[in-house]
Amino acid sequence: MRGEEKHVTAIDHMLEEQEGDEKEMEFLSVLPAASALTEYDRGVNTFSPEGRLFQVEYAIEAIKIPLLNVRSCASYLDRIGLFCGFFNWLGSTAIGLKTKEGVVLAVEKRITSPLLEPSSVEKVMEIDECIGCAMSGLIADARTLVEHARVETQNHRFSYGEPMTVESTTQALCDLALRFGEGDEESMSRPFGVSLLIAGHDEKGPSLYYTDPSGTFWQCNAKAIGSGSEGADSTLQEQYNKDLTLKEAETIALSILKQVMEEKVTPNNVDIAKVAPVYHLYTPAEVEEVISRL
Amino acid sequence: MSKQQARFEPYDFNGGTCVAIAGADYCVVAADTRMSTGYNILTRDYSKINKLADKCLMASSGFQADVRALQKVLGAKHLIYQHQHNKQMSCPAMARLLSNTLYYKRFFPYYTFNVLVGFDEEGKGCVYTYDAVGSYEKVGYSAQGSGAKLIMPVLDNQLKSPSPLLLPALDAVTPLTEAEAIDVVKDVFASATERDIYTGDKLEIVIVNADGIRREYAELRKD
């Protein structure tokens with residue numbers, strides 16, 4: 001079947017370690033035919049013959065992860081055979097930038113109706129005094145993860161009298177990602193459909209981590225997740241440098257959000273938070289101040 | 001008359017004394033090497049001092065089987081911590097862990113009287129002193145074990161530290177030099193050995209400073 005053949009070709013390309021934009025576009029544009037997938041994509045724990053976990057991939061598609069650099073993702077791709085298409089995504093955009101002074105997180109609230117109470121839409125949350133998190137995708141799933149992270153950080157403080165490092169917190173979150181399946185009572189029925197940007201400050205200084213439903217995490221200097229992430233990431237690449245001040249990072253984050261959002265940016269439809277060195281969610285007045293600087 | 005029933009006694013008392021002193025850039029922990037039971041000596045050459053982390057040591061007197069078990073539990077927890085967090089435990093973290101480990105067995109305690117020494121986040125010497133169920137306090141110096149009540153008043157007198165009764169509590173790190181502190185330790189143990197039957201034989205002194213960890217021995221009376 002044509003669909004299946006093209007599908008196999010894509011995997012071959014990945015295994016050959018491709019280079020160059022051409023090949024990237026070629027395999028990125030290949031989509032498996034629906035008929036090729038139905039057999040192996042229903043069971044949550046079932047591998048396909050090519051070694052892919054379709055449910056995990058579909059969970060990732062619920063947010064979207066753009067491939068910026070194929071080589072850097074090659075080993076990860078090998079493992080779970082992920083490919084990314086560019087579909088329409090559920091996830092609202094979130095952006096994180098790391099500076100020497102601290103980390104900035106900005107999220108699009110996506111207020112779908114004027115009757116919606118903006119302050120009830122919480123897409124940036126505090127995990128610990130010096131760790132915050134922005135989410136994109138299935139927000140209810142994210143709440144479970146944030147709650148787990150809060151418990152883990154407080155347990156650590158109790159046991160060791162010290163704050164948990166940002167990397168350990170991120171690892172604790174990702175430990176949850178693969179606890180899905182049919183057998184165990186304790187496991188979830190499906191993967192988490194949410195990506196997180198974890199921003200924090202510990203003895204190593206400010207740091208930003210990005211997680212996805214596969215349970216992998218990456219440390220980044222700047223990252224955008226969600227529906228507008230493709231364009232946002234390329235703009236971030238152009239505008240980011242290591243010596244940004246916090247104020248400059250705020251402006252960049254918000255201007256990129258403005259780019260990808262359909263509505264006009266107001267203090268009611270975006271949220272900004274910083275971890276510098278403690279977590280602080282901006283009041284509407286502070287958000288207004290950043291907007292006025294755009 | 002109630003029947004006398006044979007009961008299993010889970011604890012034993014092996015005697016011994018431990019002392020710890022913190023200075024500005026060093027710390028000293030010392031313990032005698034006698035292990036006894038009842039009026040008998042089991043051995044004259046038993047170390048009560050154990051290294052938990054890079055710059056963190058623990059000295060314990062009481063029931064040495066429980067001490068050994070506690071050391072193993074802490075060692076295992078430290079190893080897991082290193083794997084999970086990619087770093088050694090700091091002394092304050094180890095201090096909290098020891099407290100929690102002891103309290104975990106609140107209703108069948110480890111019969112151990114511990115002192116923990118190391119360096120805090122700023123590199124200053126610190127001593128943590130414990131009771132058998134995990135109540136702990138950061139202090140400038142401490143003594144635990146059978147000779148503790150003989151030694152503590154002398155340390156209060158000789159170390160020139162701020163009084164522990166002052167409010168607000170001052171950092172009780174001793175202004176003495178390393179050599180002076182070691183002399184005080186040798187003196188107090190010599191005195192405790194005279195009056196306490198469980199203390200004697202040999203004194204093991206471990207000194208931790210920026211250069212690393214150093215061990216010294218001094219003879220004590222063997223009667």
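Which strands of chain B does helix 4 (residues 178–195) of chain B lie across? This helix lies across strand 1, strand 2, strand 11 and strand 12 of chain B, and it runs at about 160 degrees to strand 11 of chain B. The structure is a predicted model, in which local features need pLDDT of at least 70, side-chain atom pairs count only at pLDDT 80 or more, and totals for chains, interfaces and linings use all residues. Residues are numbered from 1 along each chain as its sequence is written, chains are lettered from A and ligands numbered from 1 in the order in which they are written, and side-chain values use heavy atoms, with hydrogens and water left out.

**The open sheet**
- Five strands of chain B form an open sheet in the order 10-1-2-11-12, with antiparallel pairing (strands are DSSP runs of E with at least two residues, helices are runs of H or I with at least four, both numbered from the N terminus; two strands pair if DSSP finds at least two bridges between them).
- Strand 10 (141–145) and strand 12 (212–219) of chain B are the edge strands, each pairing on one side only.
- Strand 2 (residues 26–32) and strand 11 (residues 202–209) of chain B run antiparallel and are joined by seven bridges, and B:Y26 has B:N209 in strand 11 as its bridge partner.

**A helix on the sheet**
- Helix 3 (residues 148–158) of chain B packs on the sheet and touches strand 1 (17–22) and strand 10 of chain B (contact means heavy atoms within 4.5 Å).
- The direction of helix 3 makes about 170 degrees with that of strand 10 of chain B (axes are lines fitted to C-alpha atoms, for helices over the stretch in contact, and angles run from 0 to 180 degrees between N-to-C directions).

**The hairpin**
- Strand 8 and strand 9 of chain B form a hairpin with five residues between them, and B:G134 in the turn has a positive phi of about 105 degrees.
- Four bridges join strand 8 (residues 125–130) to strand 9 (residues 136–139) of chain B, with B:E137 as the bridge partner of B:T129.
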